[in-house]
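Take a look at the structure first, then read on.

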Amino acid sequence: SRKYVDRSNYYNSFYNFNKSLKNEVAFTHKTILGVVNSNIKSNDYFYKRLKAKFIDKEILKEKPSFITKEEIEYLDNYLEVIGGSDVKTQLSILDKTEETLSDNLNKSKLDEKRYKSLYIKIGVLIGLLLFVLII
């Protein structure tokens with residue numbers, strides 16, 4: 001069940017950063033490094049990846065089990081594209097990314113809700129079974 005919680009947190013962080021970046025690009029015209037510095041809020045995988053790319057200037061080799069290889073490639077492509085074009089193009093890219101992330105975030109929250117309760121129910125049933133077997 002931790003996998004689904006981590007996945008949901010990842011997409012939530014990604015979505016919030018994208019939304020924040022979109023606002024910054026549209027209104028304040030901060031540099032990408034300034035936006036990244038002001039948005040690193042936690043130590044989850046998305047923010048680790050963001051920090052590694054823009055602050056530490058290194059490649060993060062960690063491959064978590066809660067996202068697929070394609071999703072990691074999507075994140076890498078996103079990190080390569082942001083901050084590399086004019087404002088109009090950047091906003092267009094961020095809008096399309098927001099739509100994709102919104103869908104993925106909703107799916108991951110549904111999965112988390114569905115599987116979290118399933119694992120709780122299975123745990124209770126196993127506990128009851130062990131209790132009956134011991135008696």
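Two residues are in contact here when they have heavy atoms within 4.5 Å of each other. Keep in mind that this is a predicted model.

**Helix α1 against α4**

Which residues of α1 meet α4? They are R7, Y10, Y11, F14, F17, N18 and L21, and their partners in α4 are E71, Y74, L75 and Y78.

How do the two helices lie relative to each other? Two packed helices are described by the angle between their axes and the distance between the axes.

| Helix pair | Angle between axes | Distance between axes |
|---|---|---|
| α3 and α4 | about 40° | 11 Å |
| α1 and α5 | roughly 160° | within 8 Å |

In passing α4, helix α1 makes a left-handed crossing.

**Helix α3 against α4**

Helix α4 also packs with α3, at an angle of about 40°. Because of that angle, α3 and α4 are oblique to each other. Helix α3 passes α4 in a right-handed crossing. On the α3 side, the contact is made by Y45, F46, R49, L50, K53 and F54, while α4 brings I72, L75, D76, L79 and E80. These residues divide into seven nonpolar, no polar and four charged.

**Helix α1 against α5**

Now follow α1 to helix α5, residues 87–134, where the axes cross at roughly 160°. That makes α1 roughly antiparallel to α5. The crossing of α1 past α5 is left-handed. In this contact there are 15 nonpolar, eight polar and eight charged residues.

**The largest pocket**

What lines the largest pocket? The lining consists of R49, A52, K53, K57, E58, I59, L60, D76, L79 and E80. Helices α3 (45–54) and α4 (69–81) are the elements that give two or more residues to this lining. The space in the pocket comes to about 150 Å³. By class, its lining has four nonpolar, no polar and six charged residues.

Some names come back here: R49 and K53 of α3, along with D76, L79 and E80 of α4, belong to the contact between these helices, and R49, K53, D76, L79 and E80 also line the largest pocket.

Methods
Residues numbered from 1 in each chain as written. Predicted model: local features only at pLDDT ≥ 70, side-chain atom pairs only at ≥ 80, totals over all residues. Heavy atoms only, no water. 1 Å grid on protein atoms, 1.4 Å probe; cavity = no way out; pocket = protein on both sides within 12 Å on 5 of 7 lines; lining within 4 Å. Points joined across faces, edges and corners; volume = space filled by probe spheres on them. Helix = DSSP H or I, 4+ residues; strand = E, 2+ residues; numbered from the N terminus. Nonpolar A, V, L, I, M, F, W, Y, C, P; charged D, E, K, R; others polar. Axes fitted to C-alpha atoms, helices over the stretch in contact; angles between N-to-C directions. Parallel < 35°, antiparallel > 145°, perpendicular 65-115°, else oblique. Left-handed = near helix turned anticlockwise from the far one by under 90°.
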